[in-house]
Amino acid sequence: MAAKVKNVFFCNECGYESSKWLGQCPSCKTWNSFVEEPVQRKNAGGASFAGKGVFGERRMTPQKLSEVAQTFQERLCTGIGELDRVLGGGIVPGSLVLVGGDPGIGKSTLLLQTCSILAEREHKVLYISGEESPQQIKMRADRLEEPSGKLLLLAETNLDAVEAAILSEKPEVVVIDSIQTMFREDIQASPGSVSQVRETTGSLMRLAKGEGVSIFIVGHVTKEGVVAGPRVLEHMVDTVLYFEGENAVSYRILRAVKNRFGSTNEIGVFEMRSNGLAQILNPSEYLLEGRPENEPGSVVAATIEGSRTMLVEVQALVCQTNFNMPRRTAAGMDYNRVNLLLAVLEKRLGIPLAYCDAYINVAGGMRINEPALDLAVVFAILSSYKNKEAPERAIVFGEVGLTGEVRAVSMALQRVAEAQKLGYAQCILPYANLESIRKNRKESGGIALIGVKNVRDLFGVLER
Ligand code: TYD
Ligand code: MG
């Protein structure tokens with residue numbers, strides 16, 4: 001029976017499907033994201049049951065878990081430690097990894113660098129670009145520190161040709177840059193549409209699992225327009241990495257938001273240099289570079305990203321307002337959380353913050369969504385309001401509750417250890433965390449611990 005073509009509407013953000021146009025997506029709540037696309041419905045059941053399944057040879061009968069043969073597959077280390085950690089310890093053979101990010105953030109550069117290193121180590125790597133010609137890729141590669149002449153390149157957008165190339169070359173690792181340029185001839189919609197992006201990814205998924213080749217897919221995040229974003233694919237792939245960063249600052253953060261083979265919330269930190277991306281092995285030092293010493297309103301906080309501790313500077317500027325409504329801004333943290341903390345201080349300490357503008361900033365363009373940042377924000381606000389600098393070489397962490405109490409946070413020992421490593425002399429932390437730290441810390445020397453039970457105690461530390 002011939003496949004029927006009909007038009008349906010898709011949300012460009014998340015791929016939600018609807019038979020009619022909708023103003024707002026019921027799934028991801030984005031406005032004006034629906035586009036019309038022709039889709040072909042195959043006969044139900046159809047071809048998918050015949051031949052090879054997604055994971056190689058198809059078995060028609062279920063098997064017991066204990067009977068499944070265990071195959072130990074060694075991960076392929078990329079040689080870029082920051083990437084390996086985010087992947088969960090290297091590339092898993094047969095995995096499909098989506099690398100998303102804004103255009104121009106450095107996705108192609110990161111993957112080209114990774115491929116170069118792997119090719120240099122005698123791994124067979126195929127870099128398929130639908131955006132750049134081999135000459136353009138070579139120009140980019142020449143900027144990098146160690147381009148590899150052994151890397152295989154292919155400029156192609158037709159997925160059938162891509163599949164044929166992968167099957168004939170049998171590489172270990174393939175990069176598809178980008179999925180929004182790839183198309184399958186049997187799908188009517190244009191490249192970059194939700195159905196093309198989904199179907200091409202589906203084909204690549206079968207290829208990855210069937211042939212045991214690891215495939216990286218690049219997906220551009222699109223603000224608006226006709227190109228489907230990488231969120232459409234998140235549920236289909238094994239691992240989703242997002243490459244983030246501000247245009248103004250040169251460092252980039254690679255974040256895992258989904259990982260079937262490792263922990264999420266891991267981050268890798270890179271810096272974009274003129275000769276490609278460089279790893280930043282100690283982000284704390286990097287983020288605190290050029291920090292003003294002994295200035296009111298500047299506090300160092302110990303935060304956790306994934307499994308690593310990072311010290312970041314929190315700045316606050318609190319001054320009398322000239323407006324009817326005081327102005328408040330929060331850069332790098334949640335705006336509502338800042339308002340809440342200001343209200344807690346107003347109520348618990350009686351400070352008239354309702355008549356003050358408050359500008360809060362996590363320096364360096366980092367974005368932190370951790371309650372342990374609360375105490376540092378509160379401390380920075382108090383320090384700026386009182387125009388009194390925080391104690392010298394001190395770090396702060398702790399969660400602040402609505403009654404002004406300071407609550408314990410996780411991984412306190414690690415935070416203290418990181419501060420100690422970077423030469424900090426004091427640590428202001430939740431009183432409730434003190435005991436466990438004292439019990440578990442091997443050496444006691446080095447850093448003074450100041451436990452606070454509530455915001456009043458914290459105020460006392462400032463007044464000391
Ligand atoms: P690119 O990897 O092309 O971004 P994406 O694939 O995510 O769209 O990165 C492009 C930017 O990186 C561009 O603005 C130039 C800059 N860049 C450097 O600063 N140094 C380099 O060595 C390279 C290759 C690019
Ligand atoms: Mg690119």
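Predicted model: local features only at pLDDT ≥ 70, side-chain atom pairs only at ≥ 80, totals over all residues.
Student: Let's start with Asn387: in which loop is the place of this residue?

Tutor: Phi of Asn387 is near 55°, a positive value in a residue other than glycine. At 59% relative accessibility, Asn387 counts as exposed, because exposed means over 50%. Its place is in the loop between α8 (374-386) and β17 (394-396).

Student: Asn32 also has my attention. Is Asn32 buried or exposed?

Tutor: Asn32 lies in the loop between β2 and β3. Its phi is near 55°, which is positive although the residue is not glycine. Most residues other than glycine have a negative phi. For the accessibility, the value for Asn32 is 60%, so the residue counts as exposed.

Student: And Ser33, which residues is it in contact with, leaving aside neighbours within four places in sequence?

Tutor: Ser33 is in the loop between β2 (17-18) and β3 (34-41). With 7% relative accessibility, Ser33 counts as buried, because the cut-off is under 20%. Setting aside its neighbours within four places in sequence, its contacts are Phe10, Cys11, Asn12, Gly23 and Cys25.

Student: Now a residue in a strand: how far apart in space are Val8 and Asp160, C-alpha to C-alpha?

Tutor: Val8 is found in strand β1 (residues 4-11). Its relative accessible area is 3%, so Val8 is buried. In sequence, Val8 and Asp160 are 152 residues apart, while their C-alpha to C-alpha distance is 25 Å.

Student: Turning to helix α2, how many of its 14 residues are buried?

Tutor: Helix α2 covers residues 107-120 and reaches 20 Å from its first C-alpha to its last, close to the 20 Å expected. Just after α2, Glu122 takes a positive phi of about 70°. The helix is largely enclosed by the rest of the structure, because the number of buried residues is 13 of the 14.

Student: How is α2 oriented relative to α3, and which residues of α3 make the contact?

Tutor: α2 and helix α3 (residues 134-143) pack at an angle of about 75°, with their axes 11 Å apart. That angle makes α2 roughly perpendicular to α3, because 65 to 115 degrees counts as such. By class, their contact has three nonpolar, two polar and one charged residues. From α2 come Ser108, Thr109 and Leu112, and from α3 come Ile137, Arg140 and Ala141.

Student: What about α7 and α11: how many nonpolar, polar and charged residues does their contact have?

Tutor: The axes of helix α7 (residues 335-349) and helix α11 (residues 455-463) come within 10 Å and cross at roughly 85°. So α7 is roughly perpendicular to α11. Leu345, Arg348 and Leu349 of α7 meet Val455, Arg456 and Phe459 of α11. By class, that gives four nonpolar, no polar and two charged residues.

Student: Which residue does a cis peptide bond join to Asp177?

Tutor: Most peptide bonds are trans. In this cis bond, omega is about -5°.

Methods:
Residues numbered from 1 in each chain as written. Chains lettered and ligands numbered in written order. Heavy atoms only, no water. Axes fitted to C-alpha atoms, helices over the stretch in contact; angles between N-to-C directions. Helix = DSSP H or I, 4+ residues; strand = E, 2+ residues; numbered from the N terminus. Parallel < 35°, antiparallel > 145°, perpendicular 65-115°, else oblique. Contact = heavy atoms within 4.5 Å. Nonpolar A, V, L, I, M, F, W, Y, C, P; charged D, E, K, R; others polar. Buried < 20%, exposed > 50% of the residue type's maximum accessible area, 1.4 Å probe, protein only. Expected span 1.5 Å × (residues − 1).
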